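Here is a short report for a reader meeting this structure for the first time. Look over the sequence and the model, then read on.

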Amino acid sequence: MVSIVFGDRQNMFKTILCLNFWFLSSFAYVFADNREKVIGCIAGSVTMQFKPELVDGKEVKTYVWNKVRGVNKDPSFAKFEPSVSSQFEIYYNDEHQVQNRLIHYPDEPATLYLTNLRKSDQQQYTLALSYVYYIGTPTEYIIDLEVQDVCFEKPKEVGKCAVTTCYTGDNGVLKTPDGVKQTVMGYKQVKVCDEATSGNYSCCNAAGTCLVQPLQESIDPKELMSCKDEQIDGILWNTAMAGKTLKEPCPRYQKGVATRFCDEHGEWEPPNFINCTNEALVNASSLLESIIGNETQDQIRIQETVNNTLQLMKNLTSSTNGIGAGDLSSSLGVLEKIVTVTNARGLAIEKEVFYAVIDNILSPENSNSWTTVSKETEKDPSFLLKNMDRLSKITLKNDNITATKFNGSNFELVINRTKIDETGIRFPDEQSNNVSLNSEESPTFLELPKQSSNAKKAINYVAVLYKTMSDILRSDSNSRELKGKQAKKSKQRSFVNSPILSLTTQIDLGVLDPPLNLIFGHTVKNKSTEMRAVCVSWDFNLNKWSEEGCTVNQTNNQRTVCQCNHLTNFAILMRPYTQVTEESPFLKTMSLVGVALSIAFTFLTSLIYILTWRFIRSDKNIMLLNICASLILSYTIFISSVEQTSNEVACVAITAIIHYLFLVTFFSMLGLGVYYFMSITVTYYALYVANNFKSKSRIRWFLGGIWGIPVIITTTNLGAFWGKGYHLKSYCWLSIESGSLYMFIIPVCLISLINILIIVSLLRVLFASSIVARSSLQRKASSGLRSLGTLLPVLGVTWLFGILAVNENAVVFQYLFVIANSFQGFFIFVSHVLLDKKVRQGIGNRYPSLSTIFSFAERGTKESTISSPSPSTSKSNEPKKKSLVKRFWQTKEKKSELSMSEKTMSTSCPQSVSHAKRNETNSD
């Protein structure tokens with residue numbers, strides 16, 4: 001289709017910037033000293049850029065333009081004087097030839113933009129420059145402007161469209177390829193986006209002068225390239241444009257559709273046969289599906305179907321040229337169905353045939369098919385491992401098993417019985433090592449030492465060796481573990497560098513003691529110092545290799561010796577070497593000592609509170625005891641169990657408990673802050689609400705939130721990150737890599753922010769007015785500030801350093817965290833025991849012998865205060881002279897405060913004061 005955009009003389013200046021690029025590229029310049037020629041199109045726009053040779057070191061005073069007609073020079077038509085004004089003055093206005101069409105930008109002082117060109121604009125234009133403090137001939141520059149009668153803009157590509165503009169002036173005509181004439185008033189834009197509107201377009205002015213421009217849709221250069229005819233695997237692939245995918249029926253005896261992609265360079269990619277499956281295999285799969293769906297109940301017929309399917313698969317997969325991706329994918333699906341039917345019906349399948357099929361599927365000739373299947377479906381090599389593991393467990397259920405041994409080219413298996421507490425297991429045995437005697441390769445085998453077991457009889461076991469699985473098993477799942485600088489530095493990727501060993505027993509042996517020994521001969525001799533051997537096992541839940549429970553005992557470039565404390569599928573994974581920063585022994589010792597000191601002072605604080613409880617009992621102190629108890633418990637578990645990573649379940653439990661107790665600590669601090677907020681800030685602004693709050697104890701609600709909300713956060717975090725790196729590999733604490741640590745960081749930051757706001761509110765109350773300064777609220781506010789002002793920095797800043805210390809390179813923050821951690825208990829003890837008057841009085845009442853010590857300390861404090869009175873104290877001792885107005889307003893404020901207290905307006909002043917004192921005693 002053709003899209004025409006009509007010109008509008010009034011809005012032509014809006015198109016100046018868009019059309020400027022074309023005009024600059026299409027103009028012809030003829031230089032002759034200070035003179036040049038510029039060509040523009042009628043009804044279009046033109047840029048006249050004057051380039052005079054400036055006088056060195058002189059500042060230009062004015063730019064003056066003149067217009068020449070024939071031999072006569074007209075008066076100046078435009079002027080620009082930078083030092084006076086940024087306005088551009090147009091003088092020449094004859095027949096409106098330049099008015100509203102001449103545009104000038106001060107940042108380009110020697111350039112004029114002329115829009116909606118007319119034939120009368122075709123003249124000679126001169127620029128004359130005058131200079132500041134300069135006497136001489138002005139500098140001049142001349143431009144000869146030529147205005148063409150008709151123009152066709154050079155086509156531009158916009159997506160798949162060809163776009164151009166026809167300039168004719170008034171009463172022009174545009175002729176389309178189909179012969180249609182369209183009127184042009186000034187200019188028209190032409191857009192061609194498809195083959196139907198492609199062709200020759202004619203642009204004609206009123207005088208009949210025409211220009212012809214061929215236009216056609218833009219063609220992607222990729223589409224000009226193509227893949228030629230080619231026959232492969234019995235399929236003729238016809239010519240295809242680059243970027244296209246062809247579909248053809250599958251080869252003979254196969255069902256489905258094959259596809260092939262022609263890449264951007266015009267070269268064929270290998271055919272994709274993932275949807276091409278042997279007809280016999282498709283039929284067998286359908287029969288098995290009907291059996292699984294209980295459509296067939298005949299046990300004999302089911303047995304025959306399974307045996308016939310296995311024999312069929314053995315024949316199909318035994319091709320020396322390998323099998324296609326579609327047959328491989330279908331074979332894996334059929335094997336899964338056979339295992340399912342065997343488990344459901346209790347069939348005794350022909351195991352030798354089943355293992356022969358596995359051996360054929362694992363042939364190195366099928367590597368390309370495995371790659372396609374892993375890419376296009378979810379049936380990667382771990383799918384085969386999983387179903388072999390399922391079959392092994394089904395086989396081991398039968399106590400009367402027959403000893404079986406299978407030794408194929410790619411797969412080896414042994415089924416047998418043994419008394420695990422009397423003899424161990426070695427597989428393969430020494431007589432059937434998987435390497436020849438003359439070979440330099442190291443053998444691969446496992447040895448399970450005798451285990452202490454409750455089983456009084458022999459147990460069954462299945463041991464498997466996948467000789468060639470390393471060539472096809474996906475190992476890039478762990479490559480994402482390399483992040484940041486490590487990933488950028490290492491150009492190598494992880495890969496499996498050994499056969500795979502598997503051992504399954506009839507009963508779960510739990511944690512093996514002594515551990516399982518595995519000796520792996522390397523598939524690729526490791527001579528690179530940038531790669532390291534890692535003992536791994538396949539985790540079917542996470543579908544990736546895991547180092548959990550396995551350690552490297554010995555390794556060289558030919559073999560690796562591993563020890564694992566559990567049973568599953570094992571291998572050697574070669575990973576890019578990354579240097580592990582060892583923990584500083586001094587930092588570790590310092591951390592242990594600091595935590596011990598913090599526990600000691602926190603315990604001492606708790607002990608003193610418990611011994612003097614009948615003298616200091618209050619809701620505030622109950623919450624403080626909660627802080628102390630949670631800190632003592634969390635740090636005790638932390639210091640004793642944080643490195644117990646050998647048992648996964650125990651480590652997860654330890655992480656969750658520590659997380660919970662630390663959250664309880666911070667929510668206790670939040671409860672303390674809310675308590676002070678309601679008792680002090682709300683009392684100041686809304687006395688009735690505060691008295692209603694203090695009318696009865698709310699400690700049950702506080703304790704419910706303090707111990708209940710962390711339960712929700714901890715369980716949510718545990719459920720969200722279960723099996724996804726909930727804790728660190730080396731410690732039983734939340735992981736920053738998986739994101740579980742954020743469920744601790746976010747609540748801590750929010751609680752710290754809320755307590756900061758509460759502290760600000762307490763400060764406002766403390767310094768609000770002189771009336772408050774004389775009330776009991778001052779003492780309460782001071783107590784609250786001392787309490788929160790100690791807890792917030794001690795707890796909040798400590799964990800700020802702890803969060804920043806997560807990065808192992810941030811050694812400074814690790815030391816700051818340890819130091820701050822060490823002083824937590826000490827600061828709590830000083831602030832809430834030594835500096836708390838009620839606690840000191842309680843100690844004196846409980847232990848009179850200690851009262852003299854506290855009395856002496858208080859007397860010394862008072863004497864020092866008297867000897868150096870503060871300005872406020874001195875001022876308070878002066879005679880109090882109050883004006884009548886001041887007394888009136890204080891009396892009014894007192895009456896207002898008394899009117900809001902308690903439940904009745906008739907309460908006397910002494911009663912109100914005594915009631916406030918009782919509230920203070922109960923709360924503090």
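The text below goes through selected helices, strands and residues.

This is a predicted model.

**A helix and its end**

Begin with helix H4, residues 325–345. Does its length agree with its residue count, or disagree? At 1.5 Å a residue, its 21 residues should span 30 Å. The end C-alpha atoms are 30 Å apart, so the two values agree. H4 is also mostly covered, with 17 of its 21 residues buried.

**An open sheet**

Next comes a sheet of five strands. Their order is E28-E29-E33-E37-E36. The sheet is open, and the pairing is antiparallel. Which strands stand at the edges? They are E28 (425–427) and E36 (550–555). Each has a single partner strand, so one side of each is left without a neighbour in the sheet. From one strand to the next, the twist averages 15°.

Inside this order, E29 (residues 445–448) pairs with E33 (residues 516–521) over three bridges. Phe445 has Ile519 in E33 as its bridge partner.

Ile420 sits in the loop between strand E27 (411–418) and E28. Is Ile420 buried or exposed? Its relative accessible area is 2%, and under 20% counts as buried, so Ile420 is buried. Ile420 and Leu448 are 28 residues apart in sequence. In space, their C-alpha atoms are 8.8 Å apart.

**Another strand pair**

Strand E10 (residues 124–131) is mostly covered: seven of its eight residues are buried. Its partner here is strand E11 (residues 139–148). Six bridges join E10 to E11, and the two run antiparallel. Gln124 stands opposite Asp144 in E11.

| Strand pair | Bridges | Sense | Facing residues |
|---|---|---|---|
| E29 and E33 | three bridges | antiparallel | Phe445 and Ile519 |
| E10 and E11 | six bridges | antiparallel | Gln124 and Asp144 |

**A nonpolar surface patch**

Which residues make the nonpolar surface patch of about 410 Å²? They are Phe603, Leu604, Leu607, Leu611 and Tyr847. Phe603 lies in helix H9, residues 585–611. Its relative accessible area is 48%. An α-helix has 3.6 residues a turn, so residues three or four places apart point the same way.

Definitions and conventions: Residues are numbered from 1 along each chain as its sequence is written. This is a predicted model: local features need pLDDT of at least 70, side-chain atom pairs count only at pLDDT 80 or more; totals for chains, interfaces and linings use all residues. Side-chain values use heavy atoms; hydrogens and water are left out. Helices (H or I, at least four residues) and strands (E, at least two) are DSSP runs, numbered from the N terminus. The expected span of a helix is 1.5 Å times one less than its number of residues. Buried means under 20% relative accessible area, exposed over 50%, partly exposed in between (1.4 Å probe, protein chains only). Two strands pair if DSSP finds at least two bridges between them. Axes are lines fitted to C-alpha atoms, for helices over the stretch in contact, and angles run from 0 to 180 degrees between N-to-C directions. Patches are made of residues with over 30% relative accessible area and no salt bridge: like charges are joined within 9 Å, nonpolar side chains (Val, Leu, Ile, Met, Phe, Trp, Tyr) within 5 Å. Accessible areas come from the Shrake-Rupley method with a 1.4 Å probe; for residues, only the protein chains shown count as cover. A salt bridge is a side-chain nitrogen of Lys or Arg within 4 Å of a carboxyl oxygen of Asp or Glu.
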